Amino acid sequence: MKIKSATFVKSSTKADQCPGGDLPEYAFIGRSNVGKSSLINMLTERKHLAKTSGRPGKTQLINHFLINDTWYLVDLPGYGYARASKKDKAAFQGLIRHYFANRRQLLCAFVLLDLRHEPQSVDLDFMAWLNGAGIPFCMVFTKADKLKQGAQERQAGQYLEQMREAGWVETPPHFITSSAHGVGKEEVLTYIEGVNQAFRESQKNNP
Ligand code: GDP
């Protein structure tokens, strides 16, 4: 997919403040510092569209960006910030659950995982929750440039293996990316384009 335009639309503190209309949307989420802003900037070919985090865990905002006037890229707040207070963690959970429960135009979530780290329970728990809630999602491994190619595959495989051991019959699609080296951009954008096309077809058939 060629990115012709990418513009910030609005920040919302609740799902019911998010933009109206029926445009399909894709949400990006992961632990603070996972590389979410860098990935969004890589995908959209804009250096500063998403602000790289200065104060992890502080911004509890849902940010909508309109891409090619046809779909929304949604930057959700980071989770699992160890030093966040109990109150902040509860507020985050409320915000996220409300968002996923209410955005019927959300077609897919992208869960970002730092490829250097062993599978973390906060991520596994979050993906299990998404699965239970029936939200389609993909896994996006970030910072691949920090590992050699063989280690990249091994590390991603370890994640998938652990999920299968935990009872996942089918693991979600996954992508290996590096914003530093521009890796994985076409794959993620092509996936989004495919889902958008399927969505348009389904709308034509069920107007
Ligand atoms: P966010 O908090 O999830 O939005 O993460 P940021 O995009 O702000 O990135 C957090 C840190 O990871 C920053 O220091 C980035 O420079 C670094 N980072 C992000 N993506 C990559 C990557 O692909 N490779 C490397 N080596 N570092 C990255």
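Here are some notes on helix packing, the nonpolar cores and a few loop residues in this predicted model.

1. Let me start with α3 and α4. Helix α3 covers residues 121-132 and helix α4 covers residues 149-165; their axes come within 12 Å and cross at roughly 55 degrees. That angle makes α3 oblique to α4, and the crossing is right-handed. On the α3 side the contact is made by D123, L124 and M127, and on the α4 side by Y159, Q162 and M163.

2. Next, the packing of α2 against α3. Helix α2 (residues 86-102) packs on α3 with the axes 11 Å apart, at an angle of about 30 degrees. Angles under 35 degrees count as roughly parallel, and α2 and α3 are therefore roughly parallel to each other. Here too the crossing is right-handed.

3. Which residues touch the most other members of the largest nonpolar core? They are I29, L76, Y99, F100, V111, M127 and M139, in a core of 35 residues. Helices and strands both contribute: α2, α3 and α4 each supply at least two residues, as do β2 (25-30), β3 (62-67), β4 (71-75), β5 (106-114) and β6 (137-142). Helix α2 gives the most to this core, with five residues.

4. Apart from neighbours within four places in sequence, Y99 is in contact with A15, E25, A27, I62, V74, L76 and L106. L76 is itself among the core residues that touch the most other members.

5. A second, separate core has 27 residues, and L49, L107, V140 and I192 are included in it. As a reminder of the background, nonpolar side chains in soluble globular proteins tend to be buried together.

6. Most residues other than glycine have a negative phi. E45, however, has a positive phi, near 55 degrees, and N68 has a positive phi of about 50 degrees although it is not a glycine. E45 lies in the loop between α1 (36-44) and β3, while N68 lies in the loop between β3 and β4. Are these residues buried or exposed? E45 counts as partly exposed because its relative accessibility is 43%. N68, at 14% relative accessibility, counts as buried.

7. Finally, a glycine. G78 lies in the loop between β4 and α2. Not counting residues up to four places away in sequence, G78 touches G30, R31, S32, K36 and F92. The C-alpha atoms of G78 and L112 are separated by 9.8 Å, and these two residues are 34 residues apart along the chain.

Methods
Residues are numbered from 1 along each chain as its sequence is written. This is a predicted model: local features need pLDDT of at least 70, side-chain atom pairs count only at pLDDT 80 or more; totals for chains, interfaces and linings use all residues. Side-chain values use heavy atoms; hydrogens and water are left out. Axes are lines fitted to C-alpha atoms, for helices over the stretch in contact, and angles run from 0 to 180 degrees between N-to-C directions. Helices (H or I, at least four residues) and strands (E, at least two) are DSSP runs, numbered from the N terminus. Angles under 35 degrees count as roughly parallel, over 145 as roughly antiparallel, 65 to 115 as roughly perpendicular and the rest as oblique. A crossing is left-handed if the near helix is turned anticlockwise from the far one by less than a right angle, and right-handed if clockwise. Contact means heavy atoms within 4.5 Å. A nonpolar core is a set of buried Ala, Val, Leu, Ile, Met, Phe, Trp, Tyr and Cys residues joined through side-chain atoms within 4.5 Å. Buried means under 20% relative accessible area, exposed over 50%, partly exposed in between (1.4 Å probe, protein chains only).
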